[in-house]
Amino acid sequence: MITKADARKIVAKAIAESEADDVQVSLNGGRRTHLRFARNGVTTSGTDEHRTLSVTASFGNQSASASGNDFSLQGIVDVVRRAEAMAKLSPADPEHMPTLGPQKYVQVEAYAPTEDPEAMARGVKICTDAASKAGLYAAGFGIDNQNYSCVASKNGLFAWHKSSGAQVSTTVRTTDGKGSGWAAKAGNRLEDLDFDGLAATAVHKAETSANTTKLEPGTYVTILEPACVASLLGLLMGGVSARSAEEGRSFFSKPGGGNRLGEELFPKWLHVRSDPALKEAPVSPWTGAGLPRKARDWIRGGALRRFSRSRFWAKKTGRPVEPSGGNWHLGTTGETTEDLIATTERGVLITSLWYIRGVDPQSMLFTGLTRDGVFWIEDGKIARPVNNFRWNDSPVSVFGNALAVSKSIRPGGRGGRGGRVVVPALKTAKFALSSVSDAV
Amino acid sequence: MRRRTFLGGLAAGATLPACGGDPAAVDPTPKAADPFSDPSIAPLMEAALEAATAGGAEYADIRISDHRSQSLGSREERITRVSDSRNRGFGVRVLVDGTWGFAASADVDFDRVRAVAGRAIQIAKANRRLQADPIRLAPVGVHVGRWETPIKRDAFDVSIEEKAAKLLEINKTAMSVKGVSFCSSSMHFVREHKFFGSTEGTRIEQVLHRCNPRFTVTSVHEKKGSFRTRDALCAPQGRGYDFVEEYDWLADAKQAAEDAVAMHDAKSVTPGKWDLVLLPSHLWLTIHESIGHPTELDRALLYEANYAGTSFLTTDKMGTFKLGSDIVNFTAEKTADGALATCKWDDDGVPTRDWPIVKDGVFVDYQTTRDQAHWIGHDRSYGCSYAQSWRDVAFQRMPNINLIPPAEGPSLDELIADTNRGILIAGRGSYSIDHQRYNFQFGGQTFHEIADGKVVGLLTDVAYQANTAEFWNACDAICGPSEYAVNGSFYDGKGEPGQSNGVSHGTSPARFRQIDVLNTGRKKA
């Protein structure tokens, strides 16, 4: 891991070496340590340090980028020269924007690296021991990351950010293959992860999800656990680009032109915001090009309140620049998932969503599967495990038909890919389960 | 193989503070004759493997690699992105008391290869207490040699100007069609130059080339408030720039533009049972998801349970399970020219080959690596190990898997003429399948209605859902070898941490009887 002072020297050298009219230099790197397990034993494990130097050189409106991972003087010069050579051969871009100058950023504390090199192996042993003791198979993955990023420009921009993060997930299966439960945790630091809670949840779900009874496809009142809500919120907020909407190729486009900003699509109480300094899931206070991120409301009072907007599109349309959020927070009521179940007469509880793909961008229709724990709720209680489903639905509909939410948490994801998202479990009035999946 | 100076320039040693190791360290004398195009590699390998052996490894290997990647993006009359990356480093894998350890670094020098080998040993030793079943490696023999993807023109030797001109020409062609609003196009090229050495004596050098050119045409109908898109019908290939030169981009771009505009007024499909005639540009992905992934042995034995999932093709079904109709035969290989997974040796150093996966409709075998072969009683690996870069752990990845066309199969025209009521589907669209590979749903790029043996018009809002075994058992016709084409995926994801693998699937058009089709059109939420 390089220091801020090292980074400053490297980017200054790259800028000094460049003969381009304008140049932006980025450094990204860090260390990752990971451990994978299956059938109650370790499978692969590794550690590496990685780094990338990227240079975007511009001659007038002609630009190109090059990158490399050799931070020696010769490596830096090589990257600069490759970027310049390609930029000179690239057609002029009428949408070219000059690099940013000095910016002010909010203070974000996102670096809390692990101090215990044995913590991951110890935590994984908790998972495998819990599964073994229950006569089950555990598979899973833990990863600990420490990262740095830096961006600078010939116009005086300099930004530096360090972050850490850890995630662990486990899937516990019955040995006869009839039950499967999943749980995941994410945090800013490995020591913050509750391995005991993780193992207990996955073991409980594996045991209680076994021997399902059939539930017919249909549209049901559905409680989506936080990991599901995180997936769907990411899809929804991934579609809030001003340019796409105003070019007529997004759900938020309006027939005949314009956009659907302010249109009442969601319950009035639904509140989605972003904040780089969000304590549970902090993100860099700047985007890759150095644009400052600030705390923002995105959905409030029943409607989408803002679009992300690039510098070029802002200039063209005379509207303010708006970087993407970076993290998302969906407001909480303080209830628990159990409270949501207790107030449900008949409905479905879903642990996890899987293999989500877009079907129709016009209506923001997606398809996917359920996975590792689907339960039928009757009279305020979990009545029985049921089969998995394929679903075809839109996040606009899921959030638009939201009835209640629980307390927000930062859920983990599969493959260590849980986002920097803080969300509750959510009860929606309708979720379209279109066909049965025989998978367990 | 052309000679490339892998570590060229490092000896200049002009490092900035705290940014690298000691590239000018003393070079030990190599113990084997140098098999590599770059003389700096063999001594580094020997140093790493010696350190691993001295640390207690019963087996070790090292991969040193240099990955080049270049991409250009465009929309309408603009080149929006030109980028070129170079990423070099090495990874050392060790086996200690039957437990794997792995460590990697971007600093390719003698001090670091020894230190990283030591770190890998530490990791393996630390994880021994978590080991349930000791790793066993299938024998492989000693292999020494070099290999490079056969290409006619290296994409990295083609100028940015030439590539940009091609993209802008594609966009211009599409935009010239009335009703087209946008066209974006891109090219992505990868060149992996990697060296492999093991304590068993294998020394291999390979250069793998891949390319992924594509475009998307969009038509916006402002009055209707709708937009339609159509992607290119080509797929990435394990080839050089010659593929970009040979594919008829302008014909595809013009047709795509006309399709996108026509879709606004096309008939919305009537949901229900339809016969499907699936073209190679579409069917490859169905093969990939429903045959490729469930025949991965690690999935079948729960090693991927936490992420990619397991498989309905459990080991008790090998040799008996009727996965498809009698005409369905799948072969796996990593040897076909132009295919994305093709190489001469895998990342375990195992020579690649071909083998049957499904024979006369019966599931007969899996994809394997050295540490998996014994799980199903095999005494050798099929050579399916791959790591996407020097810093990733090699594990089982999908080879090319192909649907074998019957020698006497019909032509596409004959197949259509033989279809009373069906849908002809081309191109890669939306795709989703469950974690045991039973239930899938696929879209496409274009859908044409077949009525009374003739293609009668465009349909929209089509997706089909099926269960894997029911689907392949409904396959009643496969066109002959003259209709065979190879398509594939540039970024097939698997593993934790996630890794990407290129893989191709060859097939002729095929027909599937009475498959559930749904209408994906719906009112806005």
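**Notebook: chain B**

First I looked up a sheet in chain B: it is open, has four strands in the order E13-E12-E11-E16, and its pairing is antiparallel (strands are DSSP runs of E with at least two residues, helices are runs of H or I with at least four, both numbered from the N terminus; two strands pair if DSSP finds at least two bridges between them). Strand E13 (362–363) and strand E16 (400–403) of chain B each have a single partner strand, so they stand at the edges with one side lacking a neighbour in the sheet.

Note on the source: this is a predicted model, where local features need pLDDT of at least 70, side-chain atom pairs count only at pLDDT 80 or more, and totals for chains, interfaces and linings use all residues. Residues are numbered from 1 along each chain as its sequence is written, while chains are lettered from A and ligands numbered from 1 in the order in which they are written.

Next I checked E13(B): strand E12 (residues 354–359) of chain B pairs with E13(B) in the antiparallel sense over two bridges. I found Val358(B) opposite Phe363(B) in E13(B).

Then I turned to the domains, whose bounds come from an automatic or database domain assignment. Chain B has domain 1 (16–265) and domain 2 (267–519). I noted 23 Å between their centres, taken over C-alpha atoms.

How many residues of domain 1 of chain B are in contact with domain 2 of chain B? I got 40, against 39 residues of domain 2 of chain B (contact: C-beta atoms, placed from the backbone, within 7 Å).

Terms used
Contact = placed C-beta atoms within 7 Å.
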